[in-house]
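Open the model in your viewer and keep the sequence panel beside it. The stops below say what to select and what is found there.

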Amino acid sequence: MLHRNTFRLLRNVFVAAGHADAGADADTDSYPSPGEGAAGAAAAGEPAAEELELAAFLLQRRSLEPLAAALQRHIDDEGVAAQALACFWSLSTVASLADAMLQAGASHLLLAGMRRHLASPEVQRCGCGALAQIVDAAK
């Protein structure tokens with residue numbers, strides 16, 4: 001399930017990258033949070049309609065690109081790497097987003113972040129989680 005905090009992080013990345021309109025369009029208070037009111041679909045293992053809508057919104061906005069750029073630019077910062085990998089992991093739980101990561105070759109960037117911080121359990125955990133979801137998308 002896509003976590004609401006991931007969406008907020010992406011909004012902040014967009015604003016920091018100079019996309020001034022991201023704040024208005026990506027308002028998490030007015031946009032439905034995945035999983036809210038969709039417990040039945042989530043319990044059945046099916047993505048909630050809100051989650052699919054949010055994934056389509058993120059793909060349309062090419063939201064993976066600024067996230068990848070943030071990781072690439074700040075790869076030496078363990079905290080940023082951990083947060084970026086956690087964001088990738090959360091996003092990759094949605095099949096369409098995991099497939100987009102697979103097609104874009106995101107695994108190379110994730111592995112680079114993991115190699116840079118071998119001693120960080122958080123970086124390794126989040127990186128492995130994202131990679132596992134991306135591999136599942138390849139099936």
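This is a predicted model: local features need pLDDT of at least 70, side-chain atom pairs count only at pLDDT 80 or more; totals for chains, interfaces and linings use all residues.

Residues are numbered from 1 along each chain as its sequence is written, and side-chain values use heavy atoms, with hydrogens and water left out.

**Whole chain**

Select the protein chain and colour by secondary structure. There are nine helices and zero strands, where helices (H or I, at least four residues) and strands (E, at least two) are DSSP runs numbered from the N terminus. Of the 139 residues, 39% count as buried; buried means under 20% relative accessible area, exposed over 50%, and partly exposed in between (1.4 Å probe, protein chains only). Among contacts (heavy atoms within 4.5 Å) with a separation of 6 or more, 66% are between residues 24 or more positions apart.

**Helix α8**

Next, select residues 106–116, which form α8. Its buried residues are A106, L109, L110, G113 and M114. Viewed down the axis of α8, they fall within an arc of 140 degrees, so they line one face of the helix; the arc is that of the directions from the helix axis to the C-beta atoms. An α-helix has 3.6 residues a turn, so residues three or four places apart point the same way. H108 and R115, on the other side of α8, are exposed.

Keep α9 displayed and pair it with other helices in turn. Axes are lines fitted to C-alpha atoms, for helices over the stretch in contact, and angles run from 0 to 180 degrees between N-to-C directions. Angles under 35 degrees count as roughly parallel, over 145 as roughly antiparallel, 65 to 115 as roughly perpendicular and the rest as oblique.

- α8: the angle with α9 is about 165 degrees and the axes are 9 Å apart, so the two helices are roughly antiparallel. Show S107, L110, L111, G113 and M114 of α8, which meet V123, Q124, G127, C128, A130, L131 and I134 of α9.
- α6: the angle with α9 is about 25 degrees and the axes are 8 Å apart, so this pair is roughly parallel. The contact involves residues of α6 including A81, L85 and W89, and residues of α9 including C126, G129 and Q133.
- α7: the angle with α9 is about 90 degrees, with the axes 8 Å apart, which makes α7 roughly perpendicular to α9. Here A98, D99, M101 and L102 of α7 meet Q133, I134 and A137 of α9.

**Two loop residues**

Is S92 buried or exposed? S92, in the loop between α6 and α7, counts as buried because its relative accessibility is 1%. Leaving aside neighbours within four places in sequence, S92 is in contact with A98, M101, G129, A130, Q133 and I134.

Finish at R62, in the loop between α4 (49–60) and α5. R62 has a relative accessibility of 52%, so R62 counts as exposed. Its phi is near 55 degrees, a positive value in a residue other than glycine.
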